[in-house]
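Me: I would like to go through this model by question and answer. Please start with the terms.

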Amino acid sequence: MSSTQEDEAGARPSILIVDDDRNTRSSLQRALERDGYGVLVAEDGRAALSIAQGDDEIDLVLTDLLMPGLDGLGFLEGLRVVRPDVPTILISAFASVDTAVKAGRRGVCEVLEKPIRLREVRRAIKRAMKQVHRPVPER
């Protein structure tokens, strides 16, 4: 998309990726940028909450559950205070029914199990963005 088309259509939808695993963060970032999203990254819940409290546009959050310091559920509690309407997808190698219920109470749209498959992530993002009537880039 040219910058003129981007200006006419508005800014690219922006996704905040929160994961303590550098490989996961960078893989998701590269793939989602290729898909046309703007991407912000954070290595833990504290860094992500700092970004969420800033002025950057965030259309969706993709967060890991288990991280050092402020974990995914703790981050989600803080996120709901500063950005209550941002859809969130939780990713975890340790997802359980209890975790899914707790995540749902914190506004999570979907829980994906690690190892994540890019196709599943893309589908979950599309579903979440459509639920809140946010644009999805054409691939």
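Reply: Buried means under 20% relative accessible area and exposed over 50%, with partly exposed in between (1.4 Å probe, protein chains only). This is a predicted model, in which local features need pLDDT of at least 70 and side-chain atom pairs count only at pLDDT 80 or more, while totals for chains, interfaces and linings use all residues. Residues are numbered from 1 along each chain as its sequence is written, and side-chain values use heavy atoms, leaving out hydrogens and water.

Me: Is Asp 19 buried or exposed?
Reply: Asp 19 lies in the loop between S1 and H2. Helices (H or I, at least four residues) and strands (E, at least two) are DSSP runs, numbered from the N terminus. Because its relative accessibility is 0%, Asp 19 counts as buried.

Me: With which side chain does the side chain of Asp 19 make a polar contact?
Reply: Contact means heavy atoms within 4.5 Å. Not counting residues up to four places away in sequence, Asp 19 touches Thr 24, Arg 25, Ala 42, Glu 43, Asp 64, Met 67, Ile 91 and Lys 114. A polar contact is a pair of N or O atoms within 3.5 Å; within protein, one must be able to donate a hydrogen and the other to accept it, and residues adjacent in sequence count only if both atoms are side-chain atoms. At 3.0 Å, the partner of the Asp 19 side chain is the side chain of Lys 114.

Me: What separates the C-alpha atoms of Asp 19 and Asp 71?
Reply: Along the chain, Asp 19 and Asp 71 are 52 residues apart. Their C-alpha atoms are separated by 9.6 Å.

Me: What arc do the buried residues of H6 cover around the axis?
Reply: The buried residues of H6 are Val 121, Ala 124, Ile 125, Ala 128 and Met 129. They lie on the same side of H6 because, taking the directions from the helix axis to the C-beta atoms, they cover an arc of only 130°.

Me: Which residues are exposed on the other side of H6?
Reply: The cover over the buried residues of H6 includes strands S1 (14-18), S3 (60-64), S4 (88-92) and S5 (108-113), and helix H2 (22-34). On the other side of H6, the exposed residues are Arg 119, Lys 130 and Gln 131.

Me: What pattern does the chain follow along the sequence?
Reply: The chain has 6 helices and 5 strands. Read along the sequence, the pattern is α-β-α-β-α-β-α-β-α-β-α.
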